[in-house]
Amino acid sequence: ALNVYEELLAEKDEKEVRLQKARILGWARKYRKATLEYERILRQWPDETIEMEMKAKRFYWDNRVKHAIAAYQDLIRKSPDNVEAMFDLSQIYSYQSMWEEAIGEYEKILDTTPDHFRAKEGLEKARLISGRPVLTSGYEFFKAHSGSRDVDIHKNVFASLFYVPLGMHAGMELGYNFVRRTFRDFHALTENHARVAFHYRNNPAWSAGGFFNLITYHTSVAPVYEFGGRFAFRTFDIGQMILSAEQLRLENNSDVIRRRTMRDDFKVRQDLDLTKRWKAGADYTFTYLTDHNYRNEVAGDTLFYLTLEPRAFYVKYRYAFRDFQRRDDFYFAPHNFSLHTISARWRHFLNKEEVFFGANDLYYEAGYDFSMDSTGIISHQVLGSLCWDITKRLQIKGEGQYTHATTKIYEDVAAKGSAKYYF
């Protein structure tokens, strides 16, 4: 398409042709070139609506969600036949789970342009997610081997999660997991996990949710209850703050399961969208354990996209410092423990069409993590996944990872397969 528009512009430099070229550059994730093209148009043909479109798109590209929504709404009021702006706005609504607004915007597009295939795809997907229950079922295998710690684990999980939308803003989860695990000193531990959760979204401003889990064992271990809540809100339209409180069990060895050791986590995290390519975040977690130990953890991370979708590659660095009140080897509670992690990820979309909300995605992902802790232990992790939307209603996904540490401290293998179906 870019070649065609270049040929047309070589014959005659026209505003509408150059405008379409700028839009195509934006869809191709070539944001700097798209901006330069808009600026060139404005120098040659000053136009208020084109300037408004450029500003709205720049908010959109930089993930300034509230500013982008307001800018697109102003533009559409000024230029009600601007289908490009209407579709951009529908995408923002969709990715923010603002289903009522997204469906309304898709319908407006199709009233204006009945053969807009991306709007058709987006409308179908938005209606499915907002109005249809979805079942996710899968199998997970995990094996952890340690040469120096008593944390050898073999775990098999058969998982099912049923999500029921409760209107355009809320939803409920009902889940059941059958878990079979074996420790070196505690064989054939069978568990039943039941889950109920509720979510409410008032995006882009805020969202909230809570959950309750019941875990029972086919042994003399008494049942365990887990519960928690989460509240998230946008901060100055440059990111999101998340506040959460959860009570969860420890499960990394047989001793903490027998003792029914629980932890209360109180966490605050701030995520920042510094630019389209550069993200950053920081978090603090206070943990109180049932054996009266407690932990403070401070962490920060930064991420940079070297390339964007459909061939996205990013690198990430994370630092975490963890300090327990007292040392406890049963659940790995050292004093003054810190961890540096460098990650690299490659995600390649193989879609027949473009990457947009509503498209049937087919992508694979590959990654590598390098970690070094304050004790000098270095670990390497490789991982990969494949996700395929076979139809709008059916998605399958497979994941796997392998972790190895120096001095044979530990070695982990994990694999997971799942299928998601909208009824």
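Visitor: Why is the crossing of α6 and α7 called left-handed?
Guide: A crossing gets that name if the near helix is turned anticlockwise from the far one by less than a right angle, and is right-handed if clockwise; the crossing of α6 and α7 is assigned to the left-handed kind. This is a predicted model, where local features need pLDDT of at least 70, side-chain atom pairs count only at pLDDT 80 or more, and totals for chains, interfaces and linings use all residues. Residues are numbered from 1 along each chain as its sequence is written, and side-chain values use heavy atoms, with hydrogens and water left out.

Visitor: What makes α6 and α7 roughly antiparallel?
Guide: Helix α6 (residues 83-95) and helix α7 (residues 99-112) pack at about 155°, with 8 Å between their axes. Angles over 145 degrees count as roughly antiparallel (under 35 roughly parallel, 65 to 115 roughly perpendicular, the rest oblique), so the label for α6 and α7 is roughly antiparallel. The axes are lines fitted to C-alpha atoms over the stretch in contact, and angles run from 0 to 180 degrees between N-to-C directions.

Visitor: Which residues of α6 and α7 make the contact?
Guide: With contact meaning heavy atoms within 4.5 Å, α6 supplies V83, M86, F87, L89, S90, Q91, Y93 and S94, and α7 supplies W99, E101, A102, E105, Y106, K108, I109 and T112. These residues divide into nine nonpolar, four polar and three charged.

Visitor: Why is the pair of D237 and R234 called a salt bridge?
Guide: The term requires a side-chain nitrogen of Lys or Arg within 4 Å of a carboxyl oxygen of Asp or Glu. The closest N and O atoms of D237 and R234 are 3.0 Å apart, so the pair qualifies. By this rule the count comes to 35 salt bridges.

Visitor: How do you know whether D237 is buried or exposed?
Guide: Its relative accessible area is 4%. Buried means under 20%, exposed over 50%, and partly exposed in between (1.4 Å probe, protein chains only), so D237 is buried. R234, at 12%, also counts as buried.

Visitor: What makes D271 partly exposed?
Guide: D271 has 24% relative accessibility, hence the label partly exposed. Its salt-bridge partner R269, at 2.8 Å from N to O, is buried at 15%.

Visitor: What does the salt bridge of R318 with D283 tie together?
Guide: The closest N and O atoms are 3.2 Å apart. R318 lies in strand β11 (residues 311-324) and D283 in strand β9 (residues 278-289), so the pair ties together parts 35 residues apart in sequence. R318 is partly exposed at 24%, whereas D283 is buried at 5%.

Methods. Helices (H or I, at least four residues) and strands (E, at least two) are DSSP runs, numbered from the N terminus. Ala, Val, Leu, Ile, Met, Phe, Trp, Tyr, Cys and Pro count as nonpolar, Asp, Glu, Lys and Arg as charged, and the others, Gly among them, as polar.
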